[in-house]
Amino acid sequence: MASGSYNVSRGFSEGPQPQNRPDNTAFTQQRLPAWQPLLTAGTVLPLFFALGLAFLAVGLGLFFSSEFIHEVELDYTGAPGNNCSSCAQLTNSSDPRWVPSCKCGLYFKLPANFSLPICLYYQLSNYYQNNRRYSISRDDEQLSGVAWALRHPSQECKPYQRNHRKVPIAPCGSIANSLFNDTFELYRQLPNGSLANVILDKQGISWWTDTNVKFQNPEPVKGSLCDAFSNTTKPPFWPRPVCKLDPYDINNTGFVNEEFVVWMRTAALPTFRKLYARIRHNSSTALPEGTYYLNISYNYPVLGFHGSKKVILSTLSWMGGKNPFLGIAYLVLGAACILGGILMTLVHFKFRHQNEDEDD
């Protein structure tokens with residue numbers, strides 16, 4: 001016979017019990033009281049209409065705020081007849097490791113006064129930064145300043161992990177190697193025909209968490225940042241090493257260079273904008289309408305993959321830059337909530353008497 005006896009009144013064996021049996025409490029046996037809302041027409045329909053009106057109000061605010069933002073787009077890809085066409089052909093036919101310096105420029109007009117601050121973006125199209133092999137081609141430990149990772153780049157960085165002499169590349173990977181390196185200078189044409197420089201502020205263009213947390217330079221061994229990058233080499237397509245990425249500002253060079261940090265945050269869509277600089281200070285609170293000249297150092301080839309390049313000058317609003325999609329999305333969602341509420345109201349008034357008769 002089994003060691004445990006059978007208790008008729010309790011209905012189970014009093015023998016040895018399993019060790020993993022939960023305690024006989026209300027919590028472990030799921031006997032706690034629970035509250036379940038009763039969804040009725042009186043509670044659901046007002047909620048639909050309230051949400052719909054709220055979404056419509058937010059959507060209208062976002063849409064009209066976006067419409068009041070002024071933008072000027074300048075395509076400088078280099079199509080035939082464009083001032084930059086010769087530079088485009090020159091950079092496209094050259095080895096990216098030895099791209100010659102080429103200068104071109106564009107005159108354009110501001111149709112109205114642009115209130116400060118103004119953002120200057122560059123835009124690339126047909127450029128798939130979301131390609132998986134491209135997007136993982138980086139070493140985050142190396143970019144955070146870890147000395148060991150500096151000399152031992154990640155395998156994900158191949159083929160830009162080491163050069164032909166087996167010297168580690170810093171920063172390694174395809175994203176860093178393809179760093180956007182066109183530069184821009186903006187001038188305003190005065191009534192006498194001369195050009196006045198418009199100051200472009202390149203500080204504070206990256207996320208604070210990127211520049212101060214995610215990206216860090218390695219600790220210098222002898223007081224020089226280039227000493228910290230000794231026994232490493234630059235990416236093949238770069239004209240200068242990472243420790244001299246900004247030769248004019250020692251606080252904006254190396255892995256914390258803000259233009260580099262902005263580029264390393266990959267885009268999700270094949271057409272994307274990245275912030276290049278801001279215009280914060282001027283003789284007035286706005287950039288006056290008139291004729292301007294954009295001086296371009298054309299270094300980045302795009303014709304090989306049928307891409308295009310643009311420069312965008314844009315004002316800002318309380319919601320940020322121009323983005324009509326967000327306002328349209330709220331308007332569509334609000335309209336859907338109200339239409340759904342109207343439909344459910346009609347259904348409720350049509351069938352409520354039938355339900356009352358069934359209850360009787």
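Strand E10, spanning residues 308-315, is mostly covered, with seven of its eight residues buried. Buried means under 20% relative accessible area, exposed over 50%, and partly exposed in between, for a 1.4 Å probe and protein chains only. Strands (E, at least two residues) and helices (H or I, at least four) are DSSP runs numbered from the N terminus. The model is predicted: local features need pLDDT of at least 70, side-chain atom pairs count only at pLDDT 80 or more, and totals for chains, interfaces and linings use all residues. Residues are numbered from 1 along each chain as its sequence is written, and side-chain values use heavy atoms, with hydrogens and water left out.

E10 pairs with strand E1 (residues 71-75) through five bridges, and the two run antiparallel. Pairing requires that DSSP finds at least two bridges between two strands. Within this pairing, Glu73 stands opposite Ile312 of E10. Strand E4 (residues 118-125) also runs antiparallel to E10, joined by eight bridges. Here Gln123 has Lys310 of E10 as its bridge partner. In a regular strand, side chains alternate between the two faces of the sheet.

A search of the whole structure finds four disulfides. The criterion is a pair of cysteine sulfur atoms within 2.5 Å. With bonded cysteines counted along the chain, the pattern is 1-4, 2-3, 5-6, 7-8.

Cys84 lies in the loop between E1 and helix H2 (85-92), and Cys104 in strand E2 (residues 103-110), so the pair ties together parts that are 20 residues apart in sequence. The S-S torsion is about 85°, so this disulfide is right-handed. Cys84 counts as buried at 0% relative accessibility. Cys104 is buried as well, at 6%.

Cys157 and Cys172 form another disulfide, their sulfur atoms 2.0 Å apart. Both cysteines lie in the loop between helix H5 (147-151) and helix H6 (174-177), so the pair ties together parts that are 15 residues apart in sequence. Cys157 is buried at 0% relative accessibility, and Cys172 is buried at 2%.

A further disulfide links Cys226 to Cys243, with S to S at 2.2 Å. Cys226 sits in helix H8 (residues 225-228) and Cys243 in the loop between H8 and helix H9 (258-264), so the pair ties together parts that are 17 residues apart in sequence. The torsion about this S-S bond is about 90°, so the disulfide is right-handed. Cys226 is partly exposed, at 29% relative accessibility, whereas Cys243 is buried at 12%.
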